[in-house]
Each structure stands twice: as structure tokens, then as C-alpha cells.
Amino acid sequence: MPGSVAPCRGGAIRITRAATKAALIVNVHSRTGARACDHAEQRLRELDVPLGAVHRLHDASRLPETVAGAVDGGHDLIVLGGGDGSVSSVVDELAHREVPLGLLPLGTANDFARTMHIPTDLDAACRTIAESHIVDIDLGLCGNNYYVNRASIGLGARVSEAMSPFLKRRVGPLAYPVATAKALSRHRPFTATLSFPDGDHEDQTFPGLLQVGVANGRYFGGGQIAGQDAGIDDSTLDVSVIRQGGPRDLLAVARELRRGSTTDTAQISHFRTRAVHVHTPTALSINVDGEVVASTPREFSVARNALHVLTPETWSDGS
């Protein structure tokens, strides 16, 4: 198959390139993984995707080592079946490497797939992989930990703690509002100081907070939008600082996040930046793409064009 290259926003590129040896790696503990793996393997082979290995993982903690082993074994395409947490757990192994990621969205929210326009229909996702249309996208960095969607401090970390695999399997996308309700009952307002290494914003301290979010991708939290013009290839992070409030305030914030508004209000402040440092008086957990992996203080930054991803040809400029 001939290759083609074209520029994207933020310095990213689009490439068409056929893989010679692909590895299919499926987290069969994701919500639909167990029943999807056999079908995906059959469909990918029918579409002439050159599968060299198939890994059905019952322990999600083995995803990073399995991806690393596949890359070291000469596979030049990783086809991952799983949700946002599965993607986030393996991007450290693929960042700044020549091996692209093909995704079969098998999770609860599939926000990364939504950002990349990857269809949740399994057959359509397999066709996307077979078409070999590759784009470069940014990754977020929480310290040294790469992520695709968003990192959050405060309520988001509480939601992650309340989100069990059983809850995801039992109620699917409704797991997010259920876990959020549980998290709200346990949340205590906190203070955070934000500083900006590039000097593009003044340092600010915010008391009485519900959450600080640092988004790399366009979508997070089951379809919330980082900003109407936010993109995963725009070389910036979208930071939202949400103050604690009553039920009406929280509903207003939820509506703003669903709309992707970046207008500051009494409840929420927005910043767009390449890097931000978040400090809290006491260490607080940080939720990265659904998993608690770090704690404050922490610096967040952008790794430009760090990941190659197979997308539909309709994907355009991260929007």
C-alpha cells in the first residue's frame, strides 16, 4: 500500500501505512471484552490485518508489559481492545515510538475513541484499523505519567475510587453518575495553587474547590467537553478549576461541561496552557484517565505529537 503524508494542526501528520505484523491485545475484563475478542480476531483476519499474536488478558495490570513485549518482538501495530483506562495504561509503552495504536473501544465511556472518531461498533472499528490511516496526537504528562484524556484532583479522584469493575459491568455508562453521587457525599472542599511555568497566566490560589481538571483530549468523563475548540493535537492543555457549590451550582457546572463552554463563571475558571503546576496544602490523589496514579504536588505538561493512532479518514484536526 502506498504511503501518504499531510500536515495537521499543531504540527501533527497523517500517514497511510500498512502494518506487516500486528498484535491484538484485549483486556477481557473490560465491559465487553470477553465476548468481543474472538469476533475481532476473526474480522481483522478477514480484513487482511496481519495478526502475528493474540493476547487475551484477564489481569489488566499485565497490559503494559504485554504491549512492551509485542513491540520488542517486532510487531509494528498494536490493536488494543479496552476502554480509556486500558489506553492510558499502555501509552507509556508507545509514546514517541514508531508503532501505532489501533483501538477497539470496549470500555464504559470510550472518551478517547469519541475524541478520535473511532466507532464503537466493533466491525466498524476493525475496518478503521484495516484502512491504516494514522495520525499523530499529543499526550498529557502528569509528572512522568502519560495520559490521553484528562487528569483531575478532587472529585474526579473520588469518582475513580467509587467506580468498581462490578458497577461498570452492571450499569454501563450509568456507572459515572452513580459513582459521582457517591463521591459527592464523601468530598471535602480543598485549596489549590496553580502556577504556570511558561508565564502565560498569573499564579493563583483557589480555596473551597470541588475539582481541578487538566484535559489533553477533547472528551472526558463520559462525554463532557474540555472546550468547543479543544483538540488532542493543539499542543495545549485545557485546565478547569471548579469551586464547591450547592446542587443548583453543580447542575450549572455540569451543563457547562457538557456544552464545552470555556467562559469563566462564579463556579468555574478556565485556562489554556502548555504546562501547569498544581500544589495543595496536603497531598491529594490524582485521577488519570480513570485510575489514581499520583498525588499532588505535580506538574502537568504536553508531549507534542507523541502517539500514532489509527483513525477514520474523516478525523480532522482533533475536533
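Modeller: Accessible areas come from the Shrake-Rupley method with a 1.4 Å probe. By that method the protein, a predicted model, exposes about 13300 Å². Carbon and sulfur atoms supply 50% of this area.

Biologist: What makes a residue a contact of Ile242?

Modeller: Contact means heavy atoms within 4.5 Å. Leaving out residues up to four places away in sequence, Ile242 touches Leu209, Leu210, Gln211, Val253, Leu257, Gln267 and Ile268. Ile242 itself is found in strand β14, which covers residues 237–243.

Biologist: How many helices and strands does the protein have?

Modeller: There are nine helices and 19 strands.

Biologist: What makes a set of residues a nonpolar core?

Modeller: The residues must be buried, belong to a list of types that includes Leu, Ile, Phe and Met, and be joined through side-chain atoms within 4.5 Å. The largest such core has 53 residues. Ile25, Ile78, Leu104, Phe112, Met116, Ile137 and Leu139 have the most contacts inside it. A second, separate core has 23 residues, among them Ala192, Leu209, Val214 and Ile286.

Biologist: Which residues does Leu139 touch?

Modeller: Not counting residues up to four places away in sequence, the residues that Leu139 touches include Val91, Ala95, Tyr146, Asn216, Val302 and Leu307.

Definitions and conventions
Residues numbered from 1 in each chain as written. Predicted model: local features only at pLDDT ≥ 70, side-chain atom pairs only at ≥ 80, totals over all residues. Heavy atoms only, no water. Buried < 20%, exposed > 50% of the residue type's maximum accessible area, 1.4 Å probe, protein only. Helix = DSSP H or I, 4+ residues; strand = E, 2+ residues; numbered from the N terminus.
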